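Here is a short briefing on one protein chain. Look through the sequence and the 3D view before reading the points below.

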Amino acid sequence: MILVVGSYGAGITVRVPRLPEAGETIGDSVVNIGHGGKSSNQAVAITRQGGEASIITAIGSDAFGESARHLWHDEGVNHDRVKTVEGASMTGIILVEPNGENRIAIAPGALAQLTPVDLEQHRDAFVEADFLVVCLEVPAAVIERAISLAKETDTKIVLNPAPATALPHEVIAQADYFIPNESEYAFYVADGYVPLNSQTLVVTQGGQGVVIRRGDREDRIKPLSQKAVVDTTGAGDTFVGTFTAALDAGEDLAQATRRAVVASSLAVTVAEVIPSIPTKNAVQLALSEYLDNERPEETTHEDQ
C-alpha cells in the first residue's frame with residue numbers, strides 16, 4: 001500500500017477577457033470548477049496505474065469536501081483516515097487572462113487544521129504502507145512528522161517538494177526519493193541543500209526529460225514529446241504517482257522513471273487535472289512505443 005499525506009482542494013478557474021479594475025465587474029468570463037490538491041491528484045494517479053493508495057488529509061464540511069469523497073470512492077482511493085472539519089475545504093481561485101497569465105489566491109481552509117496529532121492517530125497506516133508520498137501543501141509540522149513516522153516504521157519516503165518551501169535539511173535528507181522539478185531544485189540548491197549519496201534525486205525537466213542522481217551516478221531519461229500541449233497543470237502529480245506505483249509494483253528505478261515520463265507526457269495533452277491522468281493501459285501502450293524509439297542516455301559524474 002502507498003500512503004499519501006497532504007492536500008485536497010477545489011480549484012475555481014475563471015478565464016477573463018482582461019483583469020477587472022478595483023471595484024469593477026466584467027462579464028464574458030468562463031468558469032471551471034475541478035478537483036485539485038497535489039496529494040489527492042497523486043493518489044488518483046497511483047490507483048489509475050494499478051496501485052493501492054490511502055490518503056490522509058483534511059477537508060471541509062462543504063460541498064467540495066463531499067465531492068472529494070465521491071472522487072476517491074470512484075477512483076478506489078482509501079479515504080477512511082481523512083479528517084473532516086467544520087467550514088470550507090482548501091480552495092484556489094485562479095484568474096486567467098487570454099495570454100495565459102494568471103493570478104491565484106489560495107484559501108487553505110480545512111488543510112490548516114491538519115496536525116501531527118492526526119498522523120499519530122493513524123500510525124497503523126504507516127506500518128502497513130510500503131511507501132509514503134508527501135508534498136509541501138500542508139503545514140511544515142505535518143510534513144516533518146509524516147517523514148519521521150515513516151522512518152520509525154521502515155516505510156520508503158517519496159518527497160515531492162512542491163511548492164518549494166524552506167525545510168530543515170535534515171528533514172529533506174530522510175527522504176529515500178527526492179523529486180523536485182527544475183525550479184524547485186534550484187530553490188533547494190540556493191538554500192544549500194546537497195543530496196546524500198544514499199538519497200535518490202529525481203529532477204523533472206518538462207520537455208527535457210528527467211535527471212536521476214544517486215551518489216556519483218547520473219542517468220538522463222529522455223522525454224516523450226507531444227505535438228500539442230494542452231494543459232501542464234497535472235503533469236507533475238501524474239509523474240510522482242506513476243513513479244511510486246511502479247516502484248511499489250517492483251519495477252527498477254530507470255523503468256519506473258520511464259513509465260512516469262510517459263504518463264506525464266500523456267497528461268499534458270488533456271485539459272484539467274483529473275481527466276488528464278492516464279490509465280494504466282494507456283501508459284503501457286505509449287510506453288511500448290516510447291521504448292521502441294527512445295533510449296536513455298547514461299553518464300557518470302565523479303565530482304558529485
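The protein chain has 11 helices and 15 strands. Its radius of gyration is 19 Å, close to the 19 Å that the globule rule gives for 304 residues, so the chain is as compact as a globular protein of that length. Keep in mind that this is a predicted model.

**The whole chain**

- The C-alpha trace of the protein chain spans about 60 × 45 × 40 Å along its principal axes.
- Of the 304 residues, 50% count as buried.
- The protein chain exposes about 13,800 Å². Carbon and sulfur atoms supply 50% of that area.
- Take the contacts between residues at least 6 apart in sequence. Of these, 65% join residues at least 24 apart.

- Strand E12 covers residues 200–204. Five of its five residues are buried, so E12 is largely enclosed by the rest of the structure.
- Both faces of E12 are covered. Thr-200, Val-202 and Thr-204 are buried on one side, and Leu-201 and Val-203 are buried on the other.
- Strand E11 (residues 177–178) pairs with E12 in the parallel sense, over two bridges. Phe-178 has Leu-201 of E12 as its bridge partner.
- How does the chain get from E11 to E12? The path goes through helix H7 (residues 182–190), and this β-α-β crossover is right-handed.
- Strand E13 (residues 210–214) runs antiparallel to E12, and four bridges join the two. Here the bridge partner of Leu-201 is Arg-213 in E13.
- E12 and E13 form a hairpin with five residues between the strands. In this hairpin, Gly-206 takes a positive phi near 60°.

**Helix H1**

- Helix H1 spans residues 38–48 and is mostly covered. In H1, 11 of its 11 residues are buried.
- The buried residues of H1 include Lys-38, Asn-41, Gln-42 and Arg-48. Ala-43, Val-44, Ala-45 and Ile-46 are also among them.
- Just after H1 comes Gly-50, with a positive phi of about 90°.

**Thr-91 in strand E7**

- Thr-91 sits in strand E7, which covers residues 90–96.
- Is Thr-91 buried or exposed? Its relative accessible area is 13%, and buried means under 20%, so Thr-91 is buried.
- Leaving out residues up to four places away in sequence, Thr-91 touches Ala-10, Ile-12, Phe-64, Ala-105, Ile-106 and Ala-107.
- A polar atom of the Thr-91 side chain lies 3.0 Å from the backbone oxygen of Ser-89.
- Thr-91 and Leu-167 are 76 residues apart in sequence. In space, they are 24 Å apart, C-alpha to C-alpha.

**Glu-97, between E7 and E8**

- Glu-97 lies in the loop between E7 and strand E8 (102–107).
- Glu-97 counts as buried, because its relative accessibility is 19% and the cut-off for buried is under 20%.
- Which residues does Glu-97 touch, not counting residues up to four places away in sequence? They are Val-16, Leu-19 and Arg-103.
- The side chains of Glu-97 and Arg-103 make a polar contact at 3.3 Å.

**Backbone features in loops**

- Asp-28 lies in the loop between strand E2 (9–15) and strand E3 (30–36). Its phi is near 55°, a positive value in a residue other than glycine.
- Asp-28 has a relative accessible area of 76%. Exposed means over 50%, so Asp-28 is exposed.
- Asp-154 is in the loop between helix H5 (140–152) and E10. Asp-154 is not a glycine, yet it has a positive phi of about 65°.
- Asp-154 counts as exposed, at 73% relative accessibility.
- Pro-163 is found in the loop between strand E10 (156–159) and helix H6 (169–172).

Terms used:
Residues are numbered from 1 along each chain as its sequence is written. This is a predicted model: local features need pLDDT of at least 70, side-chain atom pairs count only at pLDDT 80 or more; totals for chains, interfaces and linings use all residues. Side-chain values use heavy atoms; hydrogens and water are left out. Buried means under 20% relative accessible area, exposed over 50%, partly exposed in between (1.4 Å probe, protein chains only). Contact means heavy atoms within 4.5 Å. A polar contact is a pair of N or O atoms within 3.5 Å; within protein, one must be able to donate a hydrogen and the other to accept it, and residues adjacent in sequence count only if both atoms are side-chain atoms. Two strands pair if DSSP finds at least two bridges between them. A crossover is right-handed if, with the strands pointing away from the viewer, the path from the first strand over the helix to the second runs clockwise. The radius of gyration is taken over C-alpha atoms; the globule rule is 2.2 Å times the number of residues to the power 0.38. Accessible areas come from the Shrake-Rupley method with a 1.4 Å probe; for residues, only the protein chains shown count as cover.
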